[in-house]
Amino acid sequence: MAKIYIKNMVCDRCKLVVGNELEKLAIHPIAVELGEVTLETEMTAANKNELAIRLNELGFELIDDKKTRLTENIKKHIIDLVHHQDVNLKVNLSDYLSEKLNHDYNYISNLFSEIEHITIEKYFIAQKIERVKELIAYGELSLSEIAYQLNYSSIGHLSNQFKKITGQTPSQFKNNNEDKRKSLDQV
C-alpha cells in the first residue's frame, strides 16, 4: 500500500473532488480521507505530476515532507473537532492533539507555529469563530446554546472573542445580510 498526502482537504466535498480526480487518472484509491489517500500501489511519476497539476487547479496541493504533513494533520484534527463533532468542545486541546498525533504538544505547537506562522491556539479560535458564524447563519441555536456547545465560559466571552476576530458583534453579524464566512481552508 502507498499513501499520498494532500493539503487543504477540509470537508467531505474535498474528499469527493480528490476521489474524482484520481478516478479520471484511472487511479483507484482504497480510501480517501481528509488530507490522505491510500492506494494499492505507488503512483508513477507521470501520474503524480498530472495529479499535482489537477489538484493545484482545484486549490489542493500534494505534500511530500513530514513536517508539512504533520501540520496538515493538526489542522485536520482541529477542523474535525470544531466542525464535525456533535459534542460539546469540553476537551483540553493540547491533550487531544497529543493523543491523536502521538507527539508531545510542545513539539507540535512549535512546528505548527513555524510552518503556519500562527499558533495552534489562534488557529483553534479562528475555527471556532467560523463555526459560530455558521451556527448564527443557520439560526437554529441561541447565542447561549452556541456558547455552551463551543465551550465558551459565557456569552460575553464568546461575544468579545467574536468581535475581536471579526470586528463586529454576533448580533451585528446576524443582522448583516452579507455572508462573511470563510471556507475552512482559508481560516
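Which residues does lysine 75 touch, not counting residues up to four places away in sequence? They are Phe112, Glu116 and Tyr123, where contact means heavy atoms within 4.5 Å. This is a predicted model, in which local features need pLDDT of at least 70 and side-chain atom pairs count only at pLDDT 80 or more, while totals for chains, interfaces and linings use all residues. Residues are numbered from 1 along each chain as its sequence is written, and side-chain values use heavy atoms, with hydrogens and water left out.

**The overall picture**

- The protein chain has nine helices and four strands; helices (H or I, at least four residues) and strands (E, at least two) are DSSP runs, numbered from the N terminus.
- Starting at the N terminus, you can follow the elements of the protein chain in the order β-α-β-β-α-β-α-α-α-α-α-α-α.
- The C-alpha trace of the protein chain spans about 55 × 40 × 25 Å along its principal axes.
- Of the 187 residues of the protein chain, 41% count as buried; buried means under 20% relative accessible area, exposed over 50%, and partly exposed in between (1.4 Å probe, protein chains only).
- If you take contacts in the protein chain between residues at least 6 apart in sequence, 59% of them join residues at least 24 apart.

**Lysine 75**

- Lysine 75 sits in helix α3 and is buried, with a relative accessible area of 10%.
- Its side chain makes a polar contact with the side chain of glutamate 72, at 3.3 Å.
- A polar contact is a pair of N or O atoms within 3.5 Å; within protein, one must be able to donate a hydrogen and the other to accept it, and residues adjacent in sequence count only if both atoms are side-chain atoms.

**The nonpolar cores**

- In soluble globular proteins, nonpolar side chains tend to be buried together.
- A nonpolar core is a set of buried Ala, Val, Leu, Ile, Met, Phe, Trp, Tyr and Cys residues joined through side-chain atoms within 4.5 Å.
- The largest nonpolar core here has 35 residues, and those with the most contacts inside it are Ile4, Ile6, Val18, Ile74, Ile78, Leu97 and Ile120.
- At least two residues of this core come from each of β1 (2-7), α1 (12-24), β3 (36-39), α2 (45-57), α3 (66-84), α4 (93-101), α5 (105-116) and α6 (120-138).
- Helix α3 supplies the largest share of this core, six residues.
- Isoleucine 6 touches Val18, Gly35, Val37, Leu55, Phe60, Glu61, Leu62 and Ile63, not counting residues up to four places away in sequence.
- There is also a second, separate core of 11 residues, which includes Ile136, Ile146, Ala147 and Phe173.

- Two packed helices are described by the angle between their axes and the distance between the axes.
- Axes are lines fitted to C-alpha atoms, for helices over the stretch in contact, and angles run from 0 to 180 degrees between N-to-C directions.
- Helix α6 packs against helix α8 (residues 155-166) at an angle of about 105 degrees, with their axes 10 Å apart.
- That makes α6 roughly perpendicular to α8; angles under 35 degrees count as roughly parallel, over 145 as roughly antiparallel, 65 to 115 as roughly perpendicular and the rest as oblique.
- Ile125, Ile129, Val132, Lys133 and Ile136 of α6 meet Leu158, Gln161, Phe162, Ile165 and Thr166 of α8.
- The axes of α5 and α6 come within 9 Å and cross at roughly 75 degrees, so these two helices are also roughly perpendicular to each other.
- Tyr105, Ile108, Ser109 and Phe112 of α5 make this contact with Ile120, Glu121 and Tyr123 of α6.

**Valine 132**

- Valine 132 lies in helix α6 and is buried, with a relative accessible area of 0%.
- Its contacts are Ile146, Leu150, Tyr152, Leu158 and Phe162, not counting residues up to four places away in sequence.
- The C-alpha atoms of valine 132 and leucine 143, 11 residues apart along the chain, are separated by 8.7 Å.

**Two loop residues with positive phi**

- Most residues other than glycine have a negative phi.
- Asparagine 102, in the loop between α4 and α5, has a positive phi of about 55 degrees although it is not a glycine.
- Asparagine 102 counts as exposed, at 67% relative accessibility.
- Histidine 117, in the loop between α5 and α6, has a positive phi of about 60 degrees and is not a glycine either.
- Histidine 117 counts as exposed, at 70% relative accessibility.
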